[in-house]
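Have the sequence and the structure open side by side.

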Amino acid sequence: STRHVIVTNGGLGNGVSREQLLEVLQVFGTVEALLMPPSKPYAFVTYGTVQEAREAYNSLNGRELGTDCNTLPVTLYSNFVEKVLGEDIASPSLPSGLLVVEEFVSPTYEQKLLEFVDWSTDLTNKSTQKSLKHRRVKHYGYEFRYDNNNVDKDKPLPGGLPEICTEVLEKSIEKGYVKFRPDQLTINQYEPGQGIPPHIDTHSAFENGIICLSLGTETVMDFKDRSGHSVAVMLPRRSLLVMTDESRYLWSHGITPRKFDVVQSSETLKPGSISRDISDLTLNKRGTRTSFTFRKVRMTPCD
């Protein structure tokens, strides 16, 4: 026997959060460390004494545990391990040119923006509305065409951008987040389990500087460069994502379709990159997220 126990079927990969597992493990004694690798169906726990670990081992085998993201409970199994290698890994750096601004809009303004978006009808002819495979989407100013990943610059939509967005645009310009006043808006609605494939917004279609407002709930967006290096970035509710320069042109961004995100336990909803420290990861249940993405259509050829 040792102080270290592996708990199988009790990992982030099969829907067990750090909080749920800790509640079970702490019954048997002092938990000195709990390591939960992302996407894996197991976890490692280190107790203060061998006796505590032995009690956990004897009690956990065959125990059922209900989880938020499984309709049926999972059955836990355990065994002793000689040692556990836990790495204290710092959060990876954000891509150059990427910025996440917390609480960019007030809760009151957020509610007004969400109420403005009416998915039931589209009678004004000032926007185009579509239901894509992974989400619902509206376009204002110009329609973004997914067949060629571009906009028809000669066919602007009537009415321009909604007046209710003026405060967002003026504040973004005043703070220097964008150099050009955006003239194209895409509104996406994501239900839990929905996402958007990794992509880079077309160089020739839009200017440098894209801003995205997250409303309704938080989410994790994945960024990846050409070498395959990836960074998971937390976008809190009411935050503004600013993509310029390298993050705009050299990094793809997307949202993995899933109902839970792996996030830092100590700073669950803080903006920035998600740490790879497996002693500080848990699950965060997704809600319905609405994003307002503003761009400036490029009228001249790419540099």
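Start with the salt bridges: the structure holds ten of them, where a salt bridge is a side-chain nitrogen of Lys or Arg within 4 Å of a carboxyl oxygen of Asp or Glu. Before going further, keep in mind that this is a predicted model, so local features need pLDDT of at least 70 and side-chain atom pairs count only at pLDDT 80 or more, while totals for chains, interfaces and linings use all residues. Residues are numbered from 1 along each chain as its sequence is written, and side-chain values use heavy atoms, with hydrogens and water left out.

One of the salt bridges joins Asp147 to Arg145, with the closest N and O atoms 2.7 Å apart. Asp147 is exposed at 59% relative accessible area, and Arg145 is partly exposed at 34%; the cut-offs here are under 20% for buried, over 50% for exposed and partly exposed in between, using a 1.4 Å probe and protein chains only.

Now look at Lys296 and Asp183, whose closest N and O atoms are 3.1 Å apart in another salt bridge. This one ties together distant parts of the chain: Lys296 sits in the segment after β21 (289-295) and Asp183 in the loop between α4 (166-174) and β11 (184-190), 113 residues apart. Helices (H or I, at least four residues) and strands (E, at least two) are DSSP runs, numbered from the N terminus. Lys296 is partly exposed at 24%, whereas Asp183 counts as buried at 19%.

Asp261 pairs with Arg286 at 2.9 Å between the closest N and O atoms. Asp261 belongs to strand β18 (residues 260-264), and Arg286 to the loop between β20 (281-285) and β21, 25 residues away. Both partners are buried.

His253 is buried, with 8% relative accessible area. Its side chain makes a polar contact with the side chain of Asp201 at 3.3 Å. A polar contact is a pair of N or O atoms within 3.5 Å; within protein, one must be able to donate a hydrogen and the other to accept it, and residues adjacent in sequence count only if both atoms are side-chain atoms. Setting aside neighbours within four places in sequence, His253 is in contact (heavy atoms within 4.5 Å) with residues including Pro197, His199, Met221 and Phe223.

Time to zoom out. The protein is divided into domain 1 (4-80) and domain 2 (98-297), with bounds that come from an automatic or database domain assignment. Their C-alpha centres lie 36 Å apart, and 13 residues of domain 1 are in contact with nine residues of domain 2.

On the domain 1 side, α1 (18-25) and β2 (31-35) each supply at least two of the touching residues.

Finish at Pro37, in the loop between β2 and β3 (42-47). Pro37 counts as buried at 12% relative accessibility. Beyond its neighbours within four places in sequence, Pro37 is in contact with Leu12, Tyr42 and Ile278.
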